Structures are given as C-alpha cells and as structure tokens.
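Thanks for coming. I have one structure today, and I will go from its packing to its surface and then to the chain as a whole.

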Amino acid sequence: MITLLKHEFIQTRGLLGVAAGAAALLALLGSLLAATGWPVLGQLGLVMALMAIVALVPLTQILLAVRYWQSSHGRGGYLTQTLPVPGPQIYWAKMLWAWAASLLGALLSIGLALAASPLVAIGTGDQFRILTTLQQGWTLLTDMAPVWGVVAAVATFVAMILIWPAQYFFAATIGSQAPLNRWGAGGPVLVYIAVYLGVQIITFVSFAAVPLAVGAQEGRLAMVPFNLFAEMASGPSPADVMPLGFIPGLLVATLICIMWSVHSWKRRVSLV
C-alpha cells in the first residue's frame with residue numbers, strides 16, 4: 001500500500017502543485033487588487049481571491065478523478081491493471097491519496113484566506129467574510145456545544161469533504177464498464193449525473209427519516225426535533241436550526257459508491 005501511495009504522489013504532485021500554485025497566485029493578485037479599494041477593480045479582486053480559495057478543494061478532487069479515470073480505465077489502465085496486486089488495493093491507494101490531498105487542499109485554502117485577509121482588510125476595512133463567518137461559527141460552536149458536539153461537528157465537516165472523491169471515482173469506474181465504455185469520457189459523466197440525482201433522492205428521504213436538528217436550547221446547542229414537511233409548509237422563513245437528516249443519507253450513498261467500486265475492481269474492470 002505504501003508503494004502504491006508513493007506512486008500516486010509522484011504521478012500527481014506536478015498537477016496538484018500547478019493547481020495549488022495557481023490558486024495561491026490568483027488569491028495574491030486578487031487580494032492586492034482588493035487592497036486598492038478601487039470601486040471596480042477592488043470588487044473584482046475580492047471575487048477573484050475568494051474564488052481561488054473556495055475552488056481549490058473541488059479543483060483538486062476533479063483533477064484527481066480525471067487522473068483516476070485515465071490511469072485506471074483509460075490508456076494508463078493497460079499498465080495499472082497488470083500490476084501484481086489486487087484491484088481493490090489499487091483502488092484504496094488512489095482513494096486514500098485523494099482524501100489526503102483533499103484535506104491538504106482544505107488546510108491550504110484556510111492558510112490562503114488567513115494570508116489574504118490583512119490585504120483585503122486594507123481595502124474593505126474588514127476581513128474576508130468567509131473567514132469571519134468561520135471564526136464566528138467556531139466561537140459559537142465551542143462556547144455553546146459540549147466537547148462531543150465539537151468533535152462531531154469537525155468530523156461532519158471533514159466527511160463533507162471526503163464524500164466527493166468517492167462519488168467521482170464511482171462515476172469513473174462504473175462509467176467505464178460496458179456498454180458505457182463505448183462513449184469514452186461520456187460514460188463517467190452520464191453515471192455522475194445519475195449519482196447526483198440519486199443522492200438528491202436519498203438525501204430527501206434521509207431528511208424525512210431523521211427528524212433531528214441542532215439548535216439553541218437554554219443557552220446551549222442541543223438536539224431538537226425537526227419536521228421536514230412542517231418546515232416546508234411553514235413558508236419562506238426557515239427555522240433557526242441546523243437539520244441533521246442529510247448526514248446519514250450522504251454517508252450511506254458514499255458507502256454504496258465505495259462498495260460498488262471495490263466490487264467492480266474485483267470482477268468487472270474494463271478499459272475505455
């Protein structure tokens with residue numbers, strides 16, 4: 001496994017390095033423009049910096065998904081599929097590297113936001129709004145939630161980052177099987193659209209099946225009842241709570257994607 005992970009790092013470090021460097025450069029240029037405070041260029045710079053910071057993790061995951069498809073089921077798959085190791089082991093090496101790169105990308109995004117914030121404050125008089133929101137959210141969480149609630153919130157945040165590579169890899173794997181492999185890159189795209197629609201349905205059902213939310217109760221954050229259909233019927237003013245029903249649905253959908261992909265690597269590997 002270590003050798004496979006090292007191989008993934010070597011094969012993708014250049015690509016990810018370019019993506020990270022481009023994000024840092026755009027964040028710097030955008031922040032410098034925002035620092036000028038000029039009416040149009042300042043706002044343009046603020047948007048540029050924000051987009052560079054926010055898009056880094058999704059960009060990293062999409063680049064690794066494309067690389068996964070190319071090296072597993074595309075032209076590079078002719079070499080990968082002949083390696084003398086079980087297919088699921090190759091899959092897990094690629095998935096673990098994608099998860100690690102995603103978390104590193106998230107840390108880099110936070111670092112870029114912290115570095116850009118002083119420049120942005122020169123032009124706008126305030127920090128990055130996304131950074132302010134994160135700081136206020138963290139302060140509220142640590143002040144009002146018990147320790148287990150803080151741990152659960154951090155674990156949920158991390159899980160929301162890690163679910164995407166599993167879905168992308170699933171689309172690349174199943175979309176490369178016959179008869180979809182005749183469509184080239186269209187097969188994974190078609191499967192991903194189906195996955196997206198399926199996840200929406202599963203999430204809606206999960207919202208209804210898990211009627212719980214996190215809300216303020218006697219000055220502390222606590223579990224409170226949440227009725228999805230009553231909330232939908234109440235009109236445009238949402239309740240001041242954080243529903244939790246989407247979490248089981250997303251985790252179950254991701255687990256299905258992983259198990260199905262592993263099964264495919266065991267029995268139905270195809271090349272485009």
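**Core, patch and chain**

Start with Tyr68: leaving out residues up to four places away in sequence, it touches His73, Tyr91, Lys94, Phe169, Ala172, Thr173 and Trp265. Keep in mind that this is a predicted model.

Now the largest nonpolar core, which has 23 residues. Leu64, Tyr68, Tyr91, Met95, Phe169 and Ile258 are the ones with the most contacts inside it. Two or more residues of this core come from each of α2 (39–72), α4 (87–124), α6 (147–174) and α9 (246–267). Which of the elements gives the largest share? That is α4, with eight residues.

Next, the surface. A nonpolar patch there consists of Ile201, Phe204, Val205, Phe229 and Met232, and together they have about 530 Å² of accessible area. At least two of the patch residues come from α7 (186–209), and at least two from α8 (228–233). The most comes from α7, with three residues; Val205 sits in that helix.

Last, the chain. There are nine helices and three strands, in the order α-α-α-α-α-α-α-β-β-α-β-α from the N terminus. The C-alpha atoms fill a box of roughly 55 × 50 × 35 Å along the principal axes. Of the 272 residues, 39% are buried. Among contacts with a separation of 6 or more, 70% are between residues 24 or more positions apart. The accessible surface is about 15,100 Å², and carbon and sulfur atoms hold 73% of that.

Notes: Residues numbered from 1 in each chain as written. Predicted model: local features only at pLDDT ≥ 70, side-chain atom pairs only at ≥ 80, totals over all residues. Heavy atoms only, no water. Core = buried A, V, L, I, M, F, W, Y, C linked by side-chain atoms within 4.5 Å. Buried < 20%, exposed > 50% of the residue type's maximum accessible area, 1.4 Å probe, protein only. Helix = DSSP H or I, 4+ residues; strand = E, 2+ residues; numbered from the N terminus. Contact = heavy atoms within 4.5 Å. Patch = residues over 30% accessible without salt bridge, like charges linked within 9 Å, V, L, I, M, F, W, Y side chains within 5 Å. Areas by Shrake-Rupley, 256 points an atom, 1.4 Å probe, with all protein chains shown as cover. Salt bridge = Lys/Arg side-chain N within 4 Å of Asp/Glu carboxyl O.
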